[in-house]
Amino acid sequence: MDGVSGSGPALSVPDVVIDPPASANGQRFPHDTTSSSMIQSIHNKDTGRWSNLVLAYKTLGVVFGGLVTSPFIALKADDQGGTFALYSLLCRNMNIGILSSKHSDLNSSQSGHLLHEDNRGKSRLGKVFERSIVARRVLLFIAMLGTCMLIGDGILTPAISVLSAMDGLRAPFPSVRKSLVEALSAVVLFILFLLQKYGTSRVSFFFSPIMGAWTLCTPLVGIYSIIHHYPSIFKALSPHYIVLFFLRKGKDGWLMLGGTILCITGSEALFADLGHFNRSSIQVAFLFTIYPSLVLTYAGQTAYLIKNPNDHMDGFYKFIPKTIYWPIFIIATLAAIVASQSLISATFSVIKQSVVLDYFPRVKVVHTSSNKEGEVYSPEVNYILMVFCVAVILIFGDGQDIGNAFGVVVSLVMLITTILLTLVMIIIWRTPPLLVALYFIIFFTMEGVYVSAVLTKIPEGGWIPFAISFILAFIMFGWYYGRQRKIEYELTHKVDLGRLGMLLSDPTVQRVPGMCFFYTNIQNGLTPVLGHYVKNMRSLHKVTIFTTLRYLLVPKVAPQDRILVKKLGLKGVYACVIWYGYADSLNLEGDDFVSQVMDSLRLLIENCSSYLPSDHPSPVEEEVSELREAKTAGIIHVRGKARFHLGKNTSLFDRFMLAFYEVLHNNCRSALPALGVPLPQRLEVGMFYEA
């Protein structure tokens with residue numbers, strides 16, 4: 001893995017254990033159950049009323065960008081969150097994921113609330129999912145579809161938002177060609193994606209004044225339009241009229257729902273953006289600014305269209321008074337840029353969640369904040385999104401086609417989120433059945449009707465998100481399948497301490513001078529690469545320290561808690577856990593790290609000697625002396641690198657999927673963070689796994 005920019009280490013978590021910290025006395029090492037105290041303290045910490053107001057201000061620039069700018073994209077379609085965070089909660093609580101439950105989701109807004117529920121026992125529905133592989137695969141498919149759709153949303157939102165805003169140039173200047181609008185939109189998006197590396201906090205604080213101006217100006221224009229065109233427009237808030245509308249229009253009214261779904265674009269990403277902010281700040285911003293602004297703006301647009309029905313294809317810019325057209329155009333263009341930020345931030349969060357759970361190829365994830373664990377940025381994902389956004393604008397320049405595609409994404413993401421949240425309510429939260437039924441019936445029915453309406457738009461651009469989702473889902477499933485096969489092999493062929501003792505008791509196996517740090521996840525047994533190494537090299541260093549890196553839910557780990565060591569019952573063989581937070585700079589270069597490990601081992605040996613009679617000091621001194629000699633002889637850092645061997649008996653499906661996994665594996669980030677180990681001290685041991 002490459003070096004890290006920003007305030008925290010790049011994160012590639014699979015093969016790096018995720019766990020809350022233990023105390024320095026080693027009482028929870030290495031197989032203890034997860035403690036919820038630290039996680040609860042993180043999530044339940046009261047940040048104060050002022051902090052929430054500041055965060056609420058920032059949400060205008062990130063969370064609500066897409067929602068509050070929906071008025072000028074809602075008419076672009078002709079008549080027409082966090083899903084993986086929820087899935088990760090289900091995986092952890094039901095133990096149905098590819099990894100063990102300790103590899104839990106880091107960005108769930110509810111994790112602190114849920115951890116204390118673990119001891120209450122599993123629900124009947126949870127047991128069904130654990131027993132039925134079909135149910136697990138269906139759940140995985142739903143989660144992957146929702147995740148891929150949300151990522152597709154991150155591609156379509158910037159494209160349609162900026163394109164719709166820039167299209168305002170054509171009203172006062174009819175001679176401006178469509179190709180010029182598309183080119184200008186592509187340039188704006190290019191600049192926006194270049195700004196992402198500075199982090200959500202910096203971007204949102206800069207963007208929030210723009211959204212504040214937009215949130216204030218558009219309802220004022222709406223009020224003017226209401227007074228000037230149709231003052232009694234607010235009677236439309238009565239459900240009476242929508243009932244009459246459907247009775248009168250019938251099937252045509254149902255098809256028109258495919259266009260109205262664009263009025264709430266951006267709301268599907270609110271859950272995924274929780275990692276960047278908190279629930280209170282989002283609620284305050286929505287209740288006191290976003291909702292009133294949207295109601296007044298849409299009421300003003302509707303009042304204008306009642307008097308000017310032929311302007312429905314460009315209802316936003318047409319209802320702006322000419323005297324303030326250009327100021328509103330500038331604000332609208334800037335607001336469209338900000339609108340893209342909500343889905344870009346959500347995409348970063350979703351990709352990070354998928355990487356943590358090992359359902360997506362490892363990419364570089366940089367924590368851009370020293371105190372917000374969920375505030376992340378991925379360079380690879382950022383530039384891939386940029387290429388796709390520009391391609392969508394240049395290839396599908398028609399705002400109507402992109403709008404139809406957008407509607408399909410938004411409605412499906414909402415429906416899938418409802419399904420997964422219902423499962424969370426039943427299995428984890430243990431919500432009373434009546435409340436679950438009310439929630440599911442109301443939201444599933446409402447969103448199901450919208451989905452059925454927008455699916456009629458598939459031939460008219462709605463196929464675009466399905467094509468994007470198919471590509472992403474194929475990548476996710478290929479990675480998932482390969483990782484599942486790899487973990488199954490490692491669990492079957494893992495090296496336990498008994499087998500390691502048998503290997504070392506072989507007289508042909510030599511204990512060579514030096515100190516070896518062998519990186520492995522000791523939580524599930526030692527890697528098969530160790531047995532492969534010992535059997536073929538016929539040697540092991542006199543001091544071998546099996547090292548596991550554990551990623552914590554805190555910004556930084558105190559120096560006295562960073563390193564935990566334990567004897568493994570074999571001469572010269574120890575276990576070591578290195579704890580680090582998302583803002584820690586993990587660097588194992590030089591003698592500092594080795595000295596810390598040596599000090600920890602010395603203290604461990606001395607503590608163990610306290611149980612021996614006082615007339616037996618020699619074994620302790622001898623063991624400490626061996627540590628010093630091993631350090632003087634030389635230090636080596638060893639990690640395994642496994643590949644699949646596709647033999648003659650391998651099925652055609654396995655040949656294709658595992659070959660695809662190898663392509664992904666060879667082009668993704670390393671499983672270990674950037675450790676800063678000097679090149680002369682690095683050693684990779686390769687091994688073929690039988691497919």
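Helices (H or I, at least four residues) and strands (E, at least two) are DSSP runs, numbered from the N terminus. The model is predicted: local features need pLDDT of at least 70, side-chain atom pairs count only at pLDDT 80 or more, and totals for chains, interfaces and linings use all residues. Residues are numbered from 1 along each chain as its sequence is written, and side-chain values use heavy atoms, with hydrogens and water left out.

**Figure 1. The protein chain as a whole.** The secondary structure of the protein chain consists of 23 helices and nine strands. Of its 691 residues, 55% count as buried (under 20% relative accessible area; exposed is over 50% and partly exposed is in between; 1.4 Å probe, protein chains only). The accessible surface (Shrake-Rupley method, 1.4 Å probe; for residues, only the protein chains shown count as cover) is about 29,900 Å², and carbon and sulfur atoms account for 63% of that area.

**Figure 2. The loop residue D311 and its partners.** D311 is located in the loop between helix 12 (279–307) and helix 13 (315–318). Leaving aside residues up to four places away in sequence, D311 is in contact with Y304, L305 and K318 (heavy atoms within 4.5 Å). With K318, the D311 side chain forms a salt bridge at 3.7 Å, N to O (a side-chain nitrogen of Lys or Arg within 4 Å of a carboxyl oxygen of Asp or Glu). K318 counts as partly exposed because its relative accessibility is 39%. With Y304, the D311 side chain makes a side-chain polar contact of 2.6 Å (a pair of N or O atoms within 3.5 Å; within protein, one must be able to donate a hydrogen and the other to accept it, and residues adjacent in sequence count only if both atoms are side-chain atoms).

Figure 3. Side chains of opposite charge can pair when their charged atoms come close. The structure holds 12 salt bridges, including one between the side chains of K567 and E623 at 3.2 Å, N to O. This pair links distant parts of the chain, with K567 in strand 6 (residues 563–567) and E623 in helix 22 (residues 618–633), 56 residues apart. K567 is partly exposed because its relative accessibility is 30%, whereas E623, at 17%, counts as buried. E626 and K571 also meet through their side chains in a salt bridge, at 2.9 Å, N to O. Here too, distant parts of the chain are linked: E626 belongs to helix 22 and K571 to the loop between strand 6 and strand 7 (573–580), 55 residues apart. E626 has 25% relative accessibility and so counts as partly exposed; K571, with a relative accessible area of 56%, is exposed.

**Figure 4. Salt-bridge network.** A network of salt bridges links D599, R602 and E606.

**Figure 5. Nonpolar surface patch.** V187, F190, I191, L194, L195, Y198 and Y383 make a nonpolar surface patch of about 610 Å² (residues with over 30% relative accessible area and no salt bridge; nonpolar side chains, namely Val, Leu, Ile, Met, Phe, Trp and Tyr, are joined within 5 Å, and like charges within 9 Å). Helix 8 (residues 178–194) gives the largest share, four residues. L194 is part of helix 8 and counts as partly exposed because its relative accessibility is 34%.

**Figure 6. Helix 20 and its cover.** The buried residues in helix 20 (residues 528–537) include P528, V529, L530, G531, Y533 and V534. Among the elements covering the buried residues of helix 20 are helix 18 (463–492), helix 19 (497–505), strand 4 (510–519) and strand 5 (539–551). Strand 8 (635–645) and strand 9 (682–690) are also part of this cover. R538 follows helix 20 and has a positive phi, near 55°.
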